[in-house]
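I opened the structure to look at its domains, its chain contact, and a few helix and strand pairings. My notes follow in the order I looked things up.

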Amino acid sequence: MSTLFGDKLAIVNLGLASFADAAHTQGADVIHPEWQPPAAGERDTGLALASLFQHPKVEAANQQAYTAYLASQPAWVGMDRALAAIPGMGARMILHSGPPIAWGEMCGPVQGAIIGAILFEGWADSPAAARTLAQSGEIAFEPCQHHHTVGPMGGIISPSMPVFVVCDSEHGHLTFSNMNEGLGKVLRFGAYSDDVLERLAWMRDELAPVLGLAIASVGGIELKPLMAQALHMGDEVHNRNAAATGLLLKKLVPAILRLDIDAELKARAIEFVSANDHFFLNLSMAACKAMLVAAEGIPGSSMVTAMGRNGVEFGIRLSGTGDTWFTAPAPVVHGLFFSGYSADDAAPDLGDSVITETAGVGGFAMAASPAIVRFVGGAASDALAHSLAMREITLGQNPAFTLPALDFAGTAAGIDARKVVDTGIMPVINTGIAHKEAGVGQVGAGITHAPAECFHQALRALAATIAD
Amino acid sequence: MSLHLAILRNQYRDSVALMQLSAALAKLEGITQASAVMATPANLELLTRAGLLADAPDAAPNDLLIALQGDEGAFEAALANARQALDAKGGKGGSGPAALPANSLTMALERQPDSNLALISVPGQYATAEAEKALRAGLNVMLFSDNVSGADERRLKLLATELGRIVMGPDCGTAIIHGVPLAFANVCRQGSIGCVGASGTGLQQVTVLIDRLGEGVSQAIGTGGHDLHASIGGLSMLAGIRALKEDETTRVIVLVSKPPAEDVARAVLDAAISTGKPVVVNFLGADPARLPQHPQLHYASTLQSAAQMAVALVRGQRPADQAPALDAALASGARTLLGAQQRQLRGLYSGGTFCYEATLMLGGALPGLHSNTPTASVPAPDDVWEVRGHSLIDLGDDEFTRGRPHPMIDHRLRNERFIAAAADPAVAVILFDIVLGFGAHESPLEAMRDTLLEVRAMAREAGRTVHLVATVCGTNADPQNYARQWEGFAELGVMLTASNAEAVALARAIVADL
């Protein structure tokens, strides 16, 4: 029966194991998955998944989205002020990480960072006045990711802040991120003391112009090759950026030294970048955002093109469902805490840095960075296991980002929401942990997973767009 | 000798990996020199010096260059080779962790990409989604699960028709595909008789008899019991008939079903005729005289007759619908052993179609007969748990299997009914089936031995003889072994026949007109 049943029976047995054994003894190829109801047993979501399963329109859309993602060539091309650079940025607007959220709902670190941004902009002269202004409704709060922008932790970006400008030369779009302030008391964790604001002002007035001149003098820096090289040096370019920051410095230092400016300015700029192992993170994020913007807006595509957390909710977007966020409560991060802190101090998962996982690095590239799994007491082999597991839920492997420990395999990339729901394997995320109160700063780091509920909602919405 | 240069933008690779790639490319036929390098100024100079670079390329240090020297015809293959090596999915690292165990259709298809059939026995509320996914992935589906709604069944079967696939089921217990028994099925010789059946035990009976008569089965395709209802329209039976039409191994086709709605029957028989192959039809209980006549169509009145007619056709002989064989001397001998009170028959079946066939054959012959597989002339009993008079009970009915294993797997419930029947002074004959094959109990003989011995002992103490009449549905290749089971039951005093129809005929002859 060559037409209907092929030449040889190859069976997928879902359910009773004895049926698999019987067919196997009679010579059929049989695979018996340890089947569990997909979508945590939600029948409607299961049927939505079924309607999209290997659907030709979804397959073609995903191919298109994934190809665009792979083709993206992000380069850091310059520095600018948020108001001037970011499309849709308003003069009285503050951007935050994750999906949309109202002031009253925001978590402590985000509110703190907004107070800091208001003070930084000079819109209020005291924290109390800033809080009143934030509550008043006069300031617009919008997600960074509504503006091709990403920010770690609070992700707070106000109009006069300097931003990295990243250009995808393949598709021509720009993406943006703020500059990394370092660890400790910093705005992104909600601190707004004078020293925090002074540092921000210095970054705006001195550091950004120096970097802007340097990057202009070298004609931009391609980010994918730099990230790829960093993956071979122990980074996963989300929670570990030590190598990438070093590689960046190798390119920046000669350019900075050649600038016709005061030597002290050069030294301070180089010192600042050198002292912050996370400096590259924001560039990594803007590069990842650029790759994913390339994949946006393909009708029918189940590829995840954005993930983000605002400290209260975790949200995802699919290429095929436009600007809609699908949200669930942000999970708690399991990890190691700095001495004096515990899980009781932790804010729920926060920040746009999960854009790195969305683009196939970060947790997906954990095999490159065994040091990371120690945050959860894991072994090096756990890092490999995380990267391998992510292959089960992605459209492919990105040949631009290879993992030496996995025989130079490309990182799993292009999260397919259908595969997430069918397998129940959730995207793994490496992340820092913020203190739940504004301004305390980072209290630990660890590993978490995107919430399943986001993917359930997203699939139901996508299925509605496909239904005849 | 020509040169070729490919530029892969922003594809960073470390130099060791690229040296390995260069070496591999240089070994390809038609390639004399090959070099894969990052396009740094130093590397460009090296390529120029090696004669691999004619002009300075428009490449940046982050771009990967593949420079080839050799026959022009060899370049395309070499580049494909290079891309493949660069895109290699890689392993899991020397002593890395094992891949995750598959937990879903997605992962199963990843691990067994040539899968062509999904055998689904998950709870009914999830079965529809799994079946739809399997169909969309290009697989055929055998849906053992029940509790799938009629609307879902219709939707799945329409989708299957659209995709050129088949859904066997829902509630499909039996199939044999390429000689592989699926779910509840027997190990039959492979051959040239293809079967499509809406009834699981009906298919089992026909296929084991074909095997026992020395012929073989090409495919046995189950459709599930609702397939020939007007609302489904026999979509799976039609798909099955199409498959057997296209299957060159299949020379004769057997169709088994309860009588379908008239227009469904018409569609099925038209499809059967269109195969150009002889088709034996057993529409259980239908009057052949009232069905469409055609030289290709041969109507059988019992499952056994269907098997016999198919075997005759395959052997080029004239098929004839025959009544089941009866050893009249055996029957009359048995009658003489019965006490004056012993007049009744109790049928205790595990196969629904066997019970139904018995109901059809005994309706009219046994006054007051009740059956829980009722027909127009035989009503259902008021209470299946408490029956009196002549009765036929299918213990595989939902009423008995809710929260309990099927009686083909777990004999306990049926054994209790045997004891109850033996204690009833009115009972003359216990008629039953013994079903072997995959899915069934590993040895019905062991499962029933103590019960049958007790039935004998109870009858003896009461001064009665209770006749046990049965058929064994199985083959010698079944895990339980037909011959061994037969001998064991025969030793226990069970009167065994070749088929269910013969068992019913023998039981009828013993109790009729008492």
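This is a predicted model: local features need pLDDT of at least 70, side-chain atom pairs count only at pLDDT 80 or more; totals for chains, interfaces and linings use all residues.

**Entry 1: a sheet in chain A.** I looked up strand 10 and strand 11 of chain A first. Five bridges join these two strands, and they run antiparallel. I checked one position: G308(A) stands opposite G315(A) in strand 11 of chain A. I then traced the whole sheet. It is open, has four strands in the order 12-11-10-14 in chain A, and its pairing is antiparallel. Which strands stand at the edges? I found strand 12 (326–329) and strand 14 of chain A there. Each has a single partner strand, so one side of each is left without a neighbour in the sheet.

**Entry 2: domains of chain A.** I read the domain assignment next. It gives domain 1 (1–35), domain 2 (61–68 + 296–466) and domain 3 (73–285) of chain A. The centres of domain 2 and domain 3 of chain A, taken over C-alpha atoms, are 22 Å apart. How many residues does each of these two domains put into the contact? I noted 47 residues from domain 2 of chain A and 47 residues from domain 3 of chain A. On the domain 2 side, the elements giving two or more residues include strand 10 (304–310), strand 11 (313–318) and strand 14 (350–351) of chain A.

**Entry 3: helix 2 against helix 16, chain A.** I wanted the geometry of this pair. Helix 2 (residues 43–52) and helix 16 (residues 452–466) of chain A pack at an angle of about 50 degrees, with their axes 9 Å apart. That makes helix 2 of chain A oblique to helix 16 of chain A. The crossing is left-handed. From helix 2 of chain A, the contact uses D44(A), T45(A), A48(A), L49(A), S51(A) and L52(A). They meet H456(A), L459(A), R460(A), L462(A), A463(A) and I466(A) in helix 16 of chain A. I sorted this contact by class: seven nonpolar, three polar and two charged residues.

**Entry 4: chain A against chain B.** I turned to the contact between the chains. It takes 66 residues from chain B and 61 residues from chain A. Which element of chain B gives the most to its side? Helix 5 of chain B does, with nine residues. The chain B side has 32 nonpolar, 21 polar and 13 charged residues. Strand 1 (residues 10–14) of chain A and strand 4 of chain B pair in the parallel sense over four bridges. There, V12(A) stands opposite A118(B).

**Entry 5: a sheet in chain B.** Last, I traced an open sheet of three strands, in the order 1-3-2 in chain B, with antiparallel pairing. Strand 1 (2–8) and strand 2 (31–38) of chain B are the edge strands. The twist averages 10 degrees from one strand to the next. Helix 3 of chain B packs on this sheet and touches strand 1, strand 2 and strand 3 of chain B. Its direction makes about 150 degrees with that of strand 3 of chain B. Seven bridges join strand 1 to strand 3 (residues 64–70) of chain B. The bridge partner of S2(B) in strand 3 of chain B is G70(B).

Definitions and conventions:
Residues are numbered from 1 along each chain as its sequence is written. Chains are lettered from A and ligands numbered from 1 in the order in which they are written. Domain bounds come from an automatic or database domain assignment. Two residues are in contact if their C-beta atoms, placed from the backbone, lie within 7 Å. Ala, Val, Leu, Ile, Met, Phe, Trp, Tyr, Cys and Pro count as nonpolar, Asp, Glu, Lys and Arg as charged, and the others, Gly among them, as polar. Two strands pair if DSSP finds at least two bridges between them. Axes are lines fitted to C-alpha atoms, for helices over the stretch in contact, and angles run from 0 to 180 degrees between N-to-C directions. Angles under 35 degrees count as roughly parallel, over 145 as roughly antiparallel, 65 to 115 as roughly perpendicular and the rest as oblique. A crossing is left-handed if the near helix is turned anticlockwise from the far one by less than a right angle, and right-handed if clockwise.
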